[in-house]
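Open the structure in your viewer and keep the selection tool at hand. The stops below are meant to be taken in order.

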Amino acid sequence: MTQDVDTRPQPLSAGMIYCHGCGKPIHESARSCPNCGAVARGAGRSGRSKWSAAILAFFLGGFGVHRFYLGQPIVGLIYLLFCWTLVPALIAFFEFIYFLVISEEKFDQQYNR
């Protein structure tokens, strides 16, 4: 005689999600799964992306738009005030390259606190 096993997913309590690695429930704020070690999707993210910052620095960096995006409005205003000199555009180009080569972890530490 075989025993029926309920394989339906159980409802999660508030603040819990399923791990994408092993499927076990973990808290939504967990950076990694304690069961399998899989890094949680979107862990530590506040919506700022290094790719978005790089694109903004390349196309609109002379006006400081990337600095406003990164939560640095004072620096953005300085870029905006001096945009006519083209110095902010030159600085923004080097920042564009920096955003391309920086790791996601380091970007998160600096801009996604």
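Helices here are DSSP runs of H or I with at least four residues, numbered from the N terminus; contact means heavy atoms within 4.5 Å. The model is predicted, so local features need pLDDT of at least 70 and side-chain atom pairs pLDDT 80 or more, while totals for chains, interfaces and linings use all residues. Residues are numbered from 1 along each chain as its sequence is written, and side-chain values use heavy atoms, without hydrogens and water.

Next, select H5 itself, residues 104-111, where Phe107, Asp108 and Tyr111 are buried (under 20% relative accessible area with a 1.4 Å probe, protein chains only; exposed is over 50%, partly exposed in between). Looking down the axis of H5, these buried residues fall within an arc of 100 degrees, so they line one face of the helix; the arc is taken from the directions from the axis to the C-beta atoms. Glu105 and Gln109 are exposed, on the face turned away from the buried side.

**The core**

Now select Ala53, Ala54, Ala57, Leu70, Phe96, Phe99, Ile102, Phe107 and Tyr111, the nine residues of the largest nonpolar core. Such a core is a set of buried Ala, Val, Leu, Ile, Met, Phe, Trp, Tyr and Cys residues joined through side-chain atoms within 4.5 Å. H1, H4 and H5 each supply at least two of its residues, and H1 gives the most, with three. Stop at Phe96: leaving aside neighbours within four places in sequence, Phe96 is in contact with Ala54, Ala57 and Phe58.
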